[in-house]
Amino acid sequence: MKRITTATFLEKKQRGEKITVLTAYDYLTAKIVDSAGVDAILVGDSLGMVALGYPSTVPVTMDEMIHHTKAVVRGRERAMVIFDMPFLSYQTGIRDAILNAGRALKETGCDAVKLEGGVEQAETIRALVDAGIPVMGHIGLQPQSVNVYGGYKLRGKSEEERKKLLEDAKAVEEAGAFAVVLEKIPSDLAKEITESLSIPTIGIGAGKFCDGQVLVFHDMVGLFEEFKPKFVKRYAELGKEARRAVEEFIKEVKNGEFPSDEHSY
Ligand code: KIV
(Lines give C-alpha, C1' and ligand atoms only; values in the text may rest on other atoms or scores of the structure.)
Protein backbone atom coordinates (compact mmCIF):
# COMPACT_ATOMS: atom_id res chain seq x y z
CA MET A 1 0.00 0.00 0.00
CA LYS A 2 1.41 3.39 -1.00
CA ARG A 3 2.05 5.63 2.02
CA ILE A 4 0.89 9.27 1.92
CA THR A 5 3.87 11.64 2.05
CA THR A 6 4.49 15.37 2.11
CA ALA A 7 4.88 15.11 -1.69
CA THR A 8 1.36 13.64 -1.91
CA PHE A 9 0.04 16.69 -0.05
CA LEU A 10 1.61 19.01 -2.61
CA GLU A 11 0.41 16.93 -5.57
CA LYS A 12 -3.12 17.00 -4.18
CA LYS A 13 -3.07 20.80 -3.95
CA GLN A 14 -1.76 21.02 -7.51
CA ARG A 15 -4.54 18.69 -8.75
CA GLY A 16 -7.19 20.56 -6.75
CA GLU A 17 -7.96 17.37 -4.78
CA LYS A 18 -9.07 17.98 -1.18
CA ILE A 19 -6.90 16.64 1.66
CA THR A 20 -8.47 14.98 4.71
CA VAL A 21 -6.94 14.88 8.19
CA LEU A 22 -8.37 13.55 11.46
CA THR A 23 -6.89 13.24 14.93
CA ALA A 24 -6.21 9.97 16.73
CA TYR A 25 -4.54 9.31 20.06
CA ASP A 26 -4.63 5.48 20.17
CA TYR A 27 -4.16 2.31 18.11
CA LEU A 28 -7.84 1.48 17.47
CA THR A 29 -8.85 4.99 16.40
CA ALA A 30 -5.81 5.12 14.12
CA LYS A 31 -6.91 1.84 12.51
CA ILE A 32 -10.45 3.17 11.94
CA VAL A 33 -9.46 6.48 10.35
CA ASP A 34 -6.59 4.94 8.36
CA SER A 35 -8.71 2.13 6.92
CA ALA A 36 -11.46 4.63 6.07
CA GLY A 37 -8.92 6.46 3.91
CA VAL A 38 -7.84 9.75 5.54
CA ASP A 39 -4.65 11.25 4.13
CA ALA A 40 -3.10 12.07 7.49
CA ILE A 41 -3.58 11.31 11.16
CA LEU A 42 -2.73 14.16 13.48
CA VAL A 43 -1.79 13.15 17.01
CA GLY A 44 -2.97 16.53 18.19
CA ASP A 45 -2.12 18.01 21.56
CA SER A 46 -5.93 18.22 21.84
CA LEU A 47 -5.08 14.83 23.39
CA GLY A 48 -4.74 16.81 26.62
CA MET A 49 -8.39 17.87 26.73
CA VAL A 50 -9.99 14.95 24.88
CA ALA A 51 -8.11 11.92 26.19
CA LEU A 52 -6.41 13.11 29.39
CA GLY A 53 -9.02 15.48 30.86
CA TYR A 54 -6.78 18.56 31.15
CA PRO A 55 -8.46 22.00 30.99
CA SER A 56 -6.34 23.05 27.96
CA THR A 57 -3.48 21.80 25.77
CA VAL A 58 -0.91 23.65 27.90
CA PRO A 59 -0.08 20.80 30.36
CA VAL A 60 0.61 18.20 27.64
CA THR A 61 4.18 16.81 27.78
CA MET A 62 6.55 15.30 25.22
CA ASP A 63 6.38 11.96 27.05
CA GLU A 64 2.57 11.88 26.79
CA MET A 65 2.68 12.77 23.10
CA ILE A 66 5.31 10.10 22.44
CA HIS A 67 3.38 7.41 24.32
CA HIS A 68 0.19 8.07 22.29
CA THR A 69 1.92 8.59 18.94
CA LYS A 70 3.64 5.19 19.22
CA ALA A 71 0.20 3.57 19.51
CA VAL A 72 -1.14 5.55 16.53
CA VAL A 73 1.84 4.58 14.35
CA ARG A 74 1.18 0.91 15.18
CA GLY A 75 -2.40 1.34 13.94
CA ARG A 76 -1.76 3.02 10.58
CA GLU A 77 -0.85 1.55 7.24
CA ARG A 78 -1.35 4.29 4.65
CA ALA A 79 -1.89 7.70 6.25
CA MET A 80 0.88 10.12 7.17
CA VAL A 81 1.23 10.46 10.97
CA ILE A 82 1.86 14.00 12.23
CA PHE A 83 3.11 14.62 15.78
CA ASP A 84 1.86 17.83 17.41
CA MET A 85 4.73 19.50 19.28
CA PRO A 86 3.41 20.28 22.81
CA PHE A 87 3.69 23.62 24.61
CA LEU A 88 7.32 24.58 25.44
CA SER A 89 8.84 21.74 23.42
CA TYR A 90 9.94 24.22 20.71
CA GLN A 91 9.27 27.78 21.99
CA THR A 92 12.42 27.68 24.17
CA GLY A 93 14.91 27.68 21.29
CA ILE A 94 15.98 26.05 18.08
CA ARG A 95 18.18 23.43 19.78
CA ASP A 96 15.28 22.29 21.99
CA ALA A 97 12.97 22.21 18.96
CA ILE A 98 15.36 20.01 16.95
CA LEU A 99 16.04 17.66 19.88
CA ASN A 100 12.34 17.28 20.71
CA ALA A 101 11.11 16.94 17.12
CA GLY A 102 13.97 14.54 16.40
CA ARG A 103 12.99 12.51 19.45
CA ALA A 104 9.41 12.38 18.14
CA LEU A 105 10.53 11.00 14.77
CA LYS A 106 13.09 8.57 16.18
CA GLU A 107 11.03 7.16 19.07
CA THR A 108 7.55 7.00 17.52
CA GLY A 109 8.04 6.43 13.80
CA CYS A 110 5.87 9.43 12.93
CA ASP A 111 6.45 11.19 9.61
CA ALA A 112 6.25 14.89 10.46
CA VAL A 113 5.66 17.37 13.25
CA LYS A 114 3.26 20.30 13.60
CA LEU A 115 3.89 23.46 15.57
CA GLU A 116 1.93 26.62 16.30
CA GLY A 117 3.14 30.06 15.22
CA GLY A 118 3.82 32.16 12.12
CA VAL A 119 6.53 34.79 11.64
CA GLU A 120 7.85 34.24 15.18
CA GLN A 121 8.43 30.49 14.56
CA ALA A 122 9.77 30.78 11.00
CA GLU A 123 13.42 30.39 12.03
CA THR A 124 12.59 27.27 14.03
CA ILE A 125 10.63 25.76 11.14
CA ARG A 126 13.59 26.43 8.80
CA ALA A 127 16.02 24.78 11.25
CA LEU A 128 13.79 21.69 11.62
CA VAL A 129 13.38 21.31 7.86
CA ASP A 130 17.15 21.75 7.40
CA ALA A 131 17.63 18.98 9.97
CA GLY A 132 15.43 16.67 7.87
CA ILE A 133 12.20 17.01 9.85
CA PRO A 134 9.04 17.80 7.83
CA VAL A 135 6.95 20.53 9.47
CA MET A 136 3.28 21.46 9.25
CA GLY A 137 2.62 25.04 10.40
CA HIS A 138 -0.42 26.17 12.42
CA ILE A 139 -1.66 29.77 12.38
CA GLY A 140 -4.83 31.64 13.30
CA LEU A 141 -6.21 30.43 16.61
CA GLN A 142 -3.28 28.89 18.47
CA PRO A 143 -4.66 26.94 21.45
CA GLN A 144 -1.27 26.81 23.22
CA SER A 145 -1.48 30.61 23.58
CA VAL A 146 -4.91 30.53 25.25
CA ASN A 147 -3.50 32.29 28.31
CA VAL A 148 -2.21 35.20 26.22
CA TYR A 149 -5.46 35.68 24.29
CA GLY A 150 -7.78 34.79 27.18
CA GLY A 151 -9.92 32.39 25.14
CA TYR A 152 -10.54 30.65 21.83
CA LYS A 153 -12.03 33.55 19.85
CA LEU A 154 -12.12 33.92 16.04
CA ARG A 155 -8.84 35.35 14.70
CA GLY A 156 -8.32 37.61 11.66
CA LYS A 157 -11.34 39.87 12.14
CA SER A 158 -9.55 43.24 12.09
CA GLU A 159 -7.52 44.55 9.12
CA GLU A 160 -4.41 44.43 11.30
CA GLU A 161 -4.96 40.77 12.21
CA ARG A 162 -5.69 39.85 8.58
CA LYS A 163 -2.43 41.44 7.46
CA LYS A 164 -0.52 39.60 10.22
CA LEU A 165 -2.07 36.25 9.26
CA LEU A 166 -1.16 36.72 5.59
CA GLU A 167 2.41 37.47 6.69
CA ASP A 168 2.40 34.43 9.01
CA ALA A 169 1.25 32.14 6.20
CA LYS A 170 3.96 33.43 3.85
CA ALA A 171 6.63 33.12 6.56
CA VAL A 172 5.65 29.51 7.30
CA GLU A 173 5.75 28.63 3.59
CA GLU A 174 9.08 30.39 3.02
CA ALA A 175 10.54 28.59 6.06
CA GLY A 176 9.91 25.28 4.30
CA ALA A 177 6.72 23.90 5.90
CA PHE A 178 4.93 21.33 3.70
CA ALA A 179 1.43 22.49 4.78
CA VAL A 180 -0.22 24.89 7.19
CA VAL A 181 -3.26 24.54 9.46
CA LEU A 182 -5.57 27.58 9.46
CA GLU A 183 -7.64 27.54 12.65
CA LYS A 184 -10.79 29.58 13.29
CA ILE A 185 -10.43 32.44 10.82
CA PRO A 186 -13.00 33.93 8.39
CA SER A 187 -13.56 31.93 5.17
CA ASP A 188 -12.65 34.83 2.88
CA LEU A 189 -9.30 35.28 4.62
CA ALA A 190 -8.62 31.51 4.41
CA LYS A 191 -9.42 31.75 0.68
CA GLU A 192 -6.96 34.61 0.20
CA ILE A 193 -4.25 32.73 2.12
CA THR A 194 -4.93 29.48 0.22
CA GLU A 195 -4.68 31.25 -3.14
CA SER A 196 -1.46 33.03 -2.13
CA LEU A 197 0.43 29.85 -1.08
CA SER A 198 1.85 26.97 -3.08
CA ILE A 199 1.72 24.64 -0.03
CA PRO A 200 -1.69 23.23 1.03
CA THR A 201 -3.80 24.91 3.70
CA ILE A 202 -5.68 22.59 6.06
CA GLY A 203 -8.64 24.33 7.65
CA ILE A 204 -10.43 23.87 10.96
CA GLY A 205 -13.12 26.48 11.36
CA ALA A 206 -11.68 28.25 8.29
CA GLY A 207 -14.37 27.51 5.70
CA LYS A 208 -14.58 25.63 2.45
CA PHE A 209 -11.84 27.26 0.39
CA CYS A 210 -8.92 25.55 2.16
CA ASP A 211 -7.05 22.77 0.34
CA GLY A 212 -8.07 20.30 3.04
CA GLN A 213 -9.90 19.94 6.34
CA VAL A 214 -8.98 18.63 9.76
CA LEU A 215 -11.31 17.76 12.63
CA VAL A 216 -10.85 16.19 16.04
CA PHE A 217 -12.13 12.59 15.66
CA HIS A 218 -13.89 12.61 19.05
CA ASP A 219 -15.77 15.80 18.04
CA MET A 220 -16.95 14.54 14.65
CA VAL A 221 -18.25 11.21 15.98
CA GLY A 222 -19.96 12.83 18.99
CA LEU A 223 -17.75 11.26 21.67
CA PHE A 224 -16.54 14.59 23.08
CA GLU A 225 -19.79 16.10 24.33
CA GLU A 226 -18.64 18.82 26.75
CA PHE A 227 -18.96 21.56 24.11
CA LYS A 228 -19.36 21.76 20.32
CA PRO A 229 -17.75 24.64 18.43
CA LYS A 230 -19.77 25.97 15.44
CA PHE A 231 -17.19 24.53 13.01
CA VAL A 232 -17.69 20.94 14.18
CA LYS A 233 -20.11 18.75 12.23
CA ARG A 234 -21.15 15.61 14.09
CA TYR A 235 -21.25 12.69 11.65
CA ALA A 236 -22.31 10.25 14.40
CA GLU A 237 -23.52 10.31 18.00
CA LEU A 238 -21.24 7.64 19.47
CA GLY A 239 -21.27 9.18 22.94
CA LYS A 240 -25.07 8.80 23.19
CA GLU A 241 -24.90 5.28 21.70
CA ALA A 242 -22.15 4.19 24.13
CA ARG A 243 -24.14 5.52 27.12
CA ARG A 244 -27.26 3.68 25.92
CA ALA A 245 -25.24 0.44 25.62
CA VAL A 246 -23.77 0.84 29.13
CA GLU A 247 -27.22 1.54 30.62
CA GLU A 248 -28.59 -1.59 28.92
CA PHE A 249 -25.67 -3.68 30.24
CA ILE A 250 -26.30 -2.45 33.80
CA LYS A 251 -30.04 -3.21 33.47
CA GLU A 252 -29.46 -6.71 32.05
CA VAL A 253 -26.86 -7.66 34.68
CA LYS A 254 -29.20 -6.48 37.42
CA ASN A 255 -32.24 -8.33 36.06
CA GLY A 256 -30.25 -11.52 35.22
CA GLU A 257 -30.71 -11.26 31.44
CA PHE A 258 -26.92 -11.10 30.90
CA PRO A 259 -25.05 -13.40 30.60
CA SER A 260 -27.53 -15.71 28.87
CA ASP A 261 -26.67 -19.29 27.75
CA GLU A 262 -25.46 -17.78 24.48
CA HIS A 263 -22.68 -15.96 26.33
CA SER A 264 -21.81 -18.78 28.74
CA TYR A 265 -19.65 -21.94 28.52
O1 KIV B 1 -4.47 19.46 18.62
C2 KIV B 1 -5.20 19.37 17.63
O3 KIV B 1 -6.07 18.49 17.54
C4 KIV B 1 -5.02 20.36 16.57
C5 KIV B 1 -6.06 20.41 15.51
C6 KIV B 1 -7.30 20.97 16.04
C7 KIV B 1 -5.59 21.14 14.30
O8 KIV B 1 -4.08 21.09 16.59
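This is a predicted model: local features need pLDDT of at least 70, side-chain atom pairs count only at pLDDT 80 or more; totals for chains, interfaces and linings use all residues.

Biologist: Which residues are around the ligand, and how many of the shell are charged?

Modeller: The residues around the ligand are Thr23, Leu42, Gly44, Asp45, Ser46, Asp84, Lys114, His138, Ile204 and Val216. By class, the shell holds three nonpolar and four polar residues. The charged residues in the shell number three.

Biologist: At what distance does a polar side-chain atom of Lys114 lie from an oxygen atom of the ligand?

Modeller: Polar contacts are counted within 3.5 Å. For Asp84, a polar side-chain atom is 3.2 Å from a ligand oxygen, and for Asp45 a side-chain N or O atom is 3.0 Å from one. For Lys114, the distance between a polar side-chain atom and an oxygen of the ligand is 3.0 Å.

Biologist: What percentage of the ligand's accessible area does the protein cover?

Modeller: On its own, the ligand has 260 Å² of accessible area. It sits in the largest pocket.

Biologist: Which residue stands opposite Thr20 in E8?

Modeller: Strand E1 (residues 19–23) pairs with strand E8 (residues 212–215) in the parallel sense, over four bridges. Within E8, the residue opposite Thr20 is Gln213.

Biologist: In E8, which residue is the bridge partner of Ile202?

Modeller: Strand E7 (residues 201–204) runs parallel to E8, and two bridges join them. The partner of Ile202 in E8 is Gly212.

Technical notes: Residues are numbered from 1 along each chain as its sequence is written. Side-chain values use heavy atoms; hydrogens and water are left out. A residue is near a molecule or strand if one of its heavy atoms lies within 4 Å of it. A polar contact is a pair of N or O atoms within 3.5 Å; within protein, one must be able to donate a hydrogen and the other to accept it, and residues adjacent in sequence count only if both atoms are side-chain atoms. Accessible areas come from the Shrake-Rupley method with a 1.4 Å probe; for residues, only the protein chains shown count as cover. On a 1 Å grid over the protein atoms alone, a cavity is a set of points where a 1.4 Å probe fits but cannot get out, and a pocket is an open set with protein on both sides within 12 Å along at least five of seven lines; lining residues have an atom within 4 Å of a point. A molecule sits in a cavity or pocket if more than half of its atoms lie within 2 Å of its grid points. Ala, Val, Leu, Ile, Met, Phe, Trp, Tyr, Cys and Pro count as nonpolar, Asp, Glu, Lys and Arg as charged, and the others, Gly among them, as polar. Two strands pair if DSSP finds at least two bridges between them.
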